[in-house]
Amino acid sequence: YGYRESSGDTRNTPSEILVTHLRERGADVVVHDPWVQAHTGDVYARARGAHAAIVMVAHDEYRTIDLKQLKQALIAPILVDARHGLKPADDAVLRTLDKAAVNYQLVLTKADQVKPADLDARIVATTAALAKHPAAFPEVLATSSHTGAGMPELRAAIARLCVERAS
């Protein structure tokens, strides 16, 4: 929930915009952040029964999470915030998700900060990279909490993931 990894600073956090947006539409949102006092606690207990887990901050604590245990707690798969595309360090995380058979949806956030041609190229490159990951949903979503771009598609993806997981 914090603005930066390994920090409790919540000023101008994009997470707050998404949480508010989801709550305005009737979602019951539970937040976990090991660095923000109001949102600490056992991540697995907080995720229990949730329709989705959205990781928006790259805290070190989330790099070592037991994905099988998280998958068991969730009703729906995981959304991965890839911000500006995949980086070499992301491949290890995605391989871990694949190995644990945890489905995930990749979301390129802050799309408003990228030129349209560059964004299109990132989507193509990211889609190609995801073809190597069996647990990944093949579609890459690009969103901007600032402009609202891609938010309807993200909401639809969350709803789709919830329905598919419940089936």
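Predicted model: local features only at pLDDT ≥ 70, side-chain atom pairs only at ≥ 80, totals over all residues.
1. Leaving aside neighbours within four places in sequence, L97 is in contact with L67, I78, V80, V102, Y104 and A135.

2. L97 belongs to the largest nonpolar core, which has 27 residues. Together with L67, L70, I78, Y104 and L130, L97 is among the members that touch the most others in this core. At least two core residues come from each of α2 (43-47), α4 (67-73), β2, α5, β3 and α6. In soluble globular proteins, nonpolar side chains tend to be buried together.

3. The model has an open sheet of four strands, in the order β1-β2-β3-β4, with parallel pairing. Its edges are formed by β1 (53-55) and β4 (141-142), each of which pairs on one side only.

4. Within the sheet, β2 (residues 78-81) is paired with β3 (residues 104-108) in the parallel sense, over four bridges. In this pairing, V80 stands opposite L106 of β3. V80 is also one of the residues in contact with L97.

5. How many residues of β3 are buried? Five of its five residues are buried, and the strand is accordingly described as mostly covered. The cover applies to both faces of β3: Y104, L106 and L108 are buried on one side, and Q105 and V107 are buried on the other. Between β2 and β3 the chain passes through helix α5 (residues 88-99), and this β-α-β crossover is right-handed.

6. L108 stands opposite A142 in β4. The chain goes from β3 through α6 to β4, and this β-α-β crossover is likewise right-handed.

7. Which strands does helix α6 lie across? Helix α6, residues 116-130, lies across β3 and β4, and runs at about 160° to β3. Helix α6 also supplies at least two residues of the largest nonpolar core, and L130 is among the core members with the most contacts to other members.

8. Y104 links several of these points. Y104 is buried on one face of β3, is in contact with L97, and is listed among the residues that touch the most other members of the largest nonpolar core.

Key:
Residues numbered from 1 in each chain as written. Heavy atoms only, no water. Pairing = 2+ DSSP bridges. Contact = heavy atoms within 4.5 Å. Axes fitted to C-alpha atoms, helices over the stretch in contact; angles between N-to-C directions. Buried < 20%, exposed > 50% of the residue type's maximum accessible area, 1.4 Å probe, protein only. Right-handed = clockwise from strand over helix to strand, strands pointing away. Core = buried A, V, L, I, M, F, W, Y, C linked by side-chain atoms within 4.5 Å.
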